Amino acid sequence: MASAPPCAVVIFGASGDLAKRKLIPAIYDLVCEGLCDERSYFVGFSRSAMSDEEFRKEWRRGIEKFARSRPVDEGVWKRLEGRIYYAQADYGSCADYARVGKMLGELDEKHGVGGNRMYYLATPPEQFPVIIDELLPLHSEARGALRRIVIEKPFGRDLGSARGLNERLHRSFVEEQVYRIDHFLGKETVQNLMVMRFANSVFEPIWNTKYVDHVQITVAESLGVEGRGGYYDGAGALRDIVQNHLFQLMALAAMEPPVSLDAGSIRDEKVKVYRSIRGLRGAGVDDWAVRGQYGAGEWNGRKTEGYRSEKGVAGDSRTETFAAIKLFIDNWRWSGTPFYLRTGKMMAQKASEVVVRFRSPPQALFQKQCETPVYPNDLVIRVQPDEGISWRLNGKVPGGQLSIKPVALDFLYKTTFQKEPPDAYERLIHDAMAGDQTLFIRADEVEAAWAVIDPIEKAWAESKDGVEEYRPGSWGPKGAMLLIELDGRRWMHSSESPEPIIACSL
């Protein structure tokens, strides 16, 4: 990648956990790779009292703990340190924004960035509206300069609030200046999903309902809410993960080939996927969606009294920590093929993956010799951990007896390219600075996704049924198993041992 143009990067919420763990280390790694212009400078905007020197020490600590390029390169740090500044300010104070605007004007002249600015909103979502409104005077200062805003998820909590946030953004920014971030899209394996599909002619002829039996997409976390109970209890798994991470993976797996690799063409095809999803309404939601909540138990050497005992969570909370849904994409490519999506906390292990199960081959050739059917082929795209792709085929076990066993052809990033994939935020921050919107979410895309989720949330809110409890360290509630097993299928996971050997008599 080429170095991004020079700009001022203003990080709102610069003293928060996201900035320390992800944004600051990613910027440092970009500087190490020569992908960040030497004139660019960085301003932390937060309510915490801190001097420039204290803020620089915070940056250093974050880099030492979380950066990919470690230990710290003293030469790189020396070049970066003098371009880090801090502004203590209140998110809703016009006077503070005016003061910061004057500061930015002086720093623009000092560093020669030409008035180019990127605002990164790494604050809690309730701060988004006030920051966007207050940014208008700063945003309109320099005529002809680049202006961009990066906004983290969650982007709204339903269709109405997402539309309202889009309207607010569009009063200050045009859509080409707005970068709605979902860090999953920055992961190498997610990007490779498009390359795998469209750069290999073997897949496109069989990537449809004629050959694909179903698709499973899983984003599982082995931890609980980890002190985020106050936020999480107002969101839940459906809003927190399904509407963004899972839907993005589904859209990339299901979309039609774009006419080109530009941002507009790719995002056009993703929007078509969301708009083709069969609508879910009222009481029928229970047949297509399952929710659960982890109970008391012990997992990974840690004890928990259950989700409702977490700090910040209501004692009678019905917020789901697990969600599974079955969707149908009613277009010519996928009509009749179910997509099963699931996510949960306190699951058996951390994993994010897409599993494409192909239809079983005709059994006529082996049915006289084998009582057990030949297993279908699976394509497993692992987003994390152990990023890579596994293609499960059937093969003959060496020997005189005809024994068939599933075998895996594995492609792993670490062993194939002999290097660790860059962190997702490195790619996304660079792209935002460079003006490439391909891996970001467009306004109509986020609204189309919420249009699918809203009926489920409404049905759950109106339901008198409780939330099914599941054991920490399991793969979710019984209802999730029934959701897929009543269709004659089962949840799969790439860490499972291959199917047993099928012994056939000759």
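Predicted model: local features only at pLDDT ≥ 70, side-chain atom pairs only at ≥ 80, totals over all residues.
1. For M250, leaving out residues up to four places away in sequence, the residues touched are I217, Y274, I277, L327, I329, F339 and L341.

2. Helix α7, which runs over residues 188-198, is mostly covered, since eight of its 11 residues are buried. The buried positions in α7 are T189, V190, Q191, N192, L193, M194, M196 and R197, a list to keep in view when inspecting the side chains of this helix.

3. R342, in strand β12 (residues 338-344), deserves a careful look, as this residue is buried yet has no salt bridge. The nearest side chain of opposite charge belongs to E353 and is 5.8 Å away, and a salt bridge would require the nitrogen and the carboxyl oxygen to lie within 4 Å. A polar atom of the R342 side chain does, however, lie 3.4 Å from the backbone oxygen of M492. Setting aside neighbours within four places in sequence, R342 is in contact with I217, T218, V219, L246, F322, A323, A324, W475, W491 and M492.

4. Across the whole structure, a search finds 32 salt bridges. In one of them the side chains of R68 and E33 meet, at 3.5 Å from N to O. Because R68 lies in the loop between α2 (52-66) and α3 (74-81) and E33 in the loop between α1 (17-32) and β2 (41-46), this pair ties together parts that are 35 residues apart in sequence. R68 counts as partly exposed, at 28% relative accessibility, and E33 also counts as partly exposed, at 46%.

5. D240 forms a salt bridge with K153, with the closest N and O atoms 3.1 Å apart. This pair links distant parts of the chain, D240 being in helix α9 and K153 in the loop between β5 (147-151) and α6 (159-172), 87 residues apart. D240 is buried, with a relative accessible area of 4%, whereas K153 is partly exposed, with 24%.

6. The salt bridge between D431 and R427 has its closest N and O atoms 2.9 Å apart. Both residues belong to helix α12 (residues 424-434) and, because they are four residues apart, are separated by about one helical turn. D431 counts as buried at 2% relative accessibility, while R427 is partly exposed at 22%.

Methods: Residues numbered from 1 in each chain as written. Heavy atoms only, no water. Contact = heavy atoms within 4.5 Å. Buried < 20%, exposed > 50% of the residue type's maximum accessible area, 1.4 Å probe, protein only. Helix = DSSP H or I, 4+ residues; strand = E, 2+ residues; numbered from the N terminus. Lys, Arg positive; Asp, Glu negative; His and termini not counted. Polar contact = N/O pair within 3.5 Å; in protein donor to acceptor, adjacent residues only side chain to side chain.
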